[in-house]
Amino acid sequence: MNADLYKRLFKAIFSENNVALKKIADLIIASERENNHKVLADLLEKIKYTEKPKVNNGFAQYMNDKTLSSGMNTLPTSKRNNMQLVSYIQRDQLKHQMILNDEIETKLVCIEKEYAAKERLSKYNLSPKKKILLHGAPGCGKTLAAERLAWNLGLPLLKVRFDSLLSSYFGESATNLRAVFDFCKKEPVVLLLDECDFIAKSRTTSQDVGEVPRIVNMLLMLLDEYNSPGLVVATTNLKVSLDEALFRRFDDVIEIPKPSVNEIKKLLTITFSAMNVSKEINWELLATELEGHSAANIVSIAQNAAKSCVLEGSKIVQMEHINGVIKNISMKY
């Protein structure tokens, strides 16, 4: 490690600048790789992704300090009514464990690896994927994938509040959207546009001649200009409803499919892991019967079956508990 890196490290430690510390960690990992210390670099990278913070991360602490010192929230707000335009999701509230097929898992890991190696990529005039669009049926894990990216990258997750952002006043929605993107230039965050159908409807199918096209145009421009230190992740249930020009603005468009039979078995096994389950249950047959359900639906079925077992005083989950739930739940498409 050279003298300049030592100085930056000490400054970051004693100023409690967690963002700077993470950047220095990336530089150290990159340096070890350049020196052919692959084992050490891999170990350091593993620590980076697996270690959990003992206290609130630097961003959360920064937000708390600002609130205490100025009495104002530094998150972007609408000028008209001062409502927050985004919600900050605490790290301990992020859900990040997913059951995915190999193709989708590889795509998400690639995004994470590219972001972690952004300093090395920049030396070759290359940029990591920063603008991600996730689409698929409801309950298949699009929002969960965004939370997983934030967790693994160690970035705060900001979720756009469409109830505050959308306004009936001329031009105000587009102004609010720009305020959100401007804020993300200051901090490395994962900005989540959850179910962005709200603001990205096709300009050709929409009957609205006023605010909707204006918001779409603003979003297209902001995505073109996007060069913030974090990521922007948009999710949608209906890919066909989005403006076609929007897809070209994203670095990666990923479809999150409904789980396969094998993935359903894994979801059931994990959800029932705290329970004693009858050995007579045919998991292959059950998973085949549940094929076509969303991942959220599968987990809900298993949880409700477990609750049914507990409430009746039984110590072992039987097939009868699961069948009872399946009869009362509708397929989610």
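E195 turns up in the loop between β4 (190-193) and α10, where helices (H or I, at least four residues) and strands (E, at least two) are DSSP runs, numbered from the N terminus. The phi angle of E195 is near 50°, a positive value in a residue other than glycine. With a relative accessible area of 36%, E195 counts as partly exposed; buried means under 20%, exposed over 50%, and partly exposed in between (1.4 Å probe, protein chains only). This is a predicted model, in which local features need pLDDT of at least 70 and side-chain atom pairs count only at pLDDT 80 or more, while totals for chains, interfaces and linings use all residues. Residues are numbered from 1 along each chain as its sequence is written, and side-chain values use heavy atoms, with hydrogens and water left out.

K142 is buried yet has no salt bridge, and E195, the nearest side chain of opposite charge, is 6.5 Å away. For a salt bridge, a side-chain nitrogen of Lys or Arg has to be within 4 Å of a carboxyl oxygen of Asp or Glu. As for charge, Lys and Arg count as positive and Asp and Glu as negative, while His and the chain ends are not counted. Setting aside neighbours within four places in sequence, K142 is in contact (heavy atoms within 4.5 Å) with residues including L134, H135, T235 and I256.

Next come the aromatic rings. The structure holds two aromatic pairs. Rings of Phe, Tyr and Trp (its six-membered ring) pair if their centres lie within 6.5 Å; planes under 30 degrees apart count as stacked, over 60 as edge-to-face and the rest as tilted. F181 and Y226 have ring centres 6.2 Å apart and planes at 90°, so this pair is edge-to-face. Because F181 sits in helix α9 (residues 172-184) and Y226 in the loop between α10 (211-225) and β5 (231-236), the pair ties together parts that are 45 residues apart in sequence. F181 is buried at 3% relative accessibility, and Y226 is buried as well, at 10%.

For F272 and W283, the ring centres are 6.0 Å apart and the planes meet at 50°, so the pair is tilted. F272 belongs to the loop between α12 (261-271) and β7 (276-277) and W283 to helix α13 (residues 283-290), so parts 11 residues apart in sequence are tied together. F272 is buried, with a relative accessible area of 3%, whereas W283 is partly exposed, at 25%.

Charges meet rings too: a charge sits over a ring if NZ of Lys or CZ of Arg is within 6 Å of the ring centre and within 35 degrees of the ring normal. R91 lies over the face of W151, 3.9 Å from the ring centre, and K118 lies over the face of Y115, at 4.2 Å.

P76 is buried, at 9% relative accessibility. Its C-alpha atom is 6.4 Å from that of A179, although P76 and A179 are 103 residues apart along the chain. N82 is found in the loop between α4 and β1, but N82 is exposed, at 56% relative accessibility. Phi of N82 is near 60°, a positive value in a residue other than glycine.
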